[in-house]
Amino acid sequence: MADSCLNDTEPEWVNKTDTNIQNCTLSTTDLTVGVVSLVISFIGLLGNGTVFCFLTFWIKRNRFTIYILNLSVADFMFLLCSVTGVLSLFVVHYEPSLQYDYALSLTLEVFFSFGYNMSLSLLTAISVERCLSVIFPIWYQCRRPKHLSLINCGLLWALSVVVTSVEFFSCNEEDHVHEGPSSPCEHAVFIFMCLLNFLIFTPLMVVSGLTLLIRVQRDSLMRQSSKLYLIVIATVVIFLVFALPMRVMTLLHYEHLEYSDNLALLTVLFSAISSSLNPFVYFFVGGQWKWNKRGSMQTVLQAAFKDESDSTQTGTDSVVSTTTSECPKLK
């Protein structure tokens, strides 16, 4: 497959010197992966759009669903860019006379990465907060700021803007296209992305997810009302397995290290799978598969997103509830 074809299949690695992509030839494998990516992405768009609509109009929001609402927006953005990029590539492949617009390519690349960065940061925030609710239940019930979820989401959107800007606009165009060792600017971006992704976000996500998993396994009462915890654990595992490899490919790109074209294509496909699976996790954990009525889907999502820490529970949760009356003394 030609390098220009690869660059447009993967918005993260578009060659910024190519204003037009002509005579683009795709192999059978490329076409197959592209079609599979399109099908999965369309399903993911439908799923995330459905979750967004229900959380916006029909389900009362709580501390947890505010994060899920923002996550569905980030995943929808990511998948939409993926679909647009692959369709544009197919159009150029079957109509060589058409030109692939550079502005469209850069826009897709930026929003593609922006959606990815937002998903990573949101999943980290979700897993950390649920972990804190288990480790420090009294604090979570009594001292947690009322609008913490909204504040965190706003800060994470701002952080994703900063990260994406550093990733795409901090270096000159020549830094991205020269051959040989990475430029000082590219190396600085490489270090920044490594620190952020593999020394902050990913470790926090892994430690929080493992903590939740261990607590759920040890506490039989938590297992009986652990839908929210299972959602967090499942979404974290899915992201680590399917989406994280694409970040590794991006970092290899900054250091001008070679990697297989087929491996790069698979990382894009896996990332689409990651963003598309989340809605199905919500419906599966909700315990029902009734798609024929709005009320049934609403019931499923309400069951999946019910925050047990907001209501009086037995066992561990009841301890939290009985201490609620002591909250003023803790201030």
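**Notes on helix packing and model confidence**

1. By class, the contact of H3 with H6 has nine nonpolar residues, three polar and one charged.

2. Next, have a look at helix H8 (residues 184-218) and helix H10 (residues 227-254). Their axes cross at roughly 160 degrees and come within 10 Å. Angles over 145 degrees count as roughly antiparallel, so that is the relation between H8 and H10. The crossing of H8 and H10 is left-handed, and their contact holds 20 nonpolar residues, alongside three polar and two charged.

3. H10 has a further partner to check, namely H4. These two helices, H4 and H10, pack at an angle of about 145 degrees, with 10 Å between their axes. Here too the crossing is left-handed. On the H4 side, the contact residues include Phe112, Tyr116, Leu120, Leu123, Ile126 and Arg130; on the H10 side, they include Leu228, Tyr229, Val232, Phe239, Met246 and Arg247. How does the contact of H4 with H10 divide by class? It has 14 nonpolar, six polar and two charged residues.

4. For anyone who likes aromatic rings, the whole structure has 11 aromatic pairs. One of them joins Phe78 and Tyr116: the pair is tilted, with 6.4 Å centre to centre and 40 degrees between the planes. Phe78 sits in helix H3 and Tyr116 in helix H4 (residues 102-135), so this pair links distant parts of the chain, 38 residues apart. Tyr116 is also one of the H4 residues in the contact with H10.

5. Finally, a word on confidence. The protein chain has an average pLDDT of 79, and 74% of its residues score at least 70. Which elements have the lowest and the highest mean pLDDT? Helix H13 (residues 315-322) has the lowest, at 39, while helix H6 (residues 148-169) has the highest, at 93. Over residues 6-23 the pLDDT is below 50, and beyond near neighbours in sequence this stretch has 64 contacts in the model. Residues 289-294 are likewise below 50, with nine contacts beyond near neighbours in sequence. Where pLDDT is low, predicted coordinates should not be read in detail.

Note on methods:
Residues numbered from 1 in each chain as written. Predicted model: local features only at pLDDT ≥ 70, side-chain atom pairs only at ≥ 80, totals over all residues. Heavy atoms only, no water. pLDDT = per-residue confidence, 0-100. Helix = DSSP H or I, 4+ residues; strand = E, 2+ residues; numbered from the N terminus. Contact = heavy atoms within 4.5 Å. Nonpolar A, V, L, I, M, F, W, Y, C, P; charged D, E, K, R; others polar. Axes fitted to C-alpha atoms, helices over the stretch in contact; angles between N-to-C directions. Parallel < 35°, antiparallel > 145°, perpendicular 65-115°, else oblique. Left-handed = near helix turned anticlockwise from the far one by under 90°. Phe/Tyr/Trp six-rings, centres within 6.5 Å; stacked < 30°, edge-to-face > 60°.
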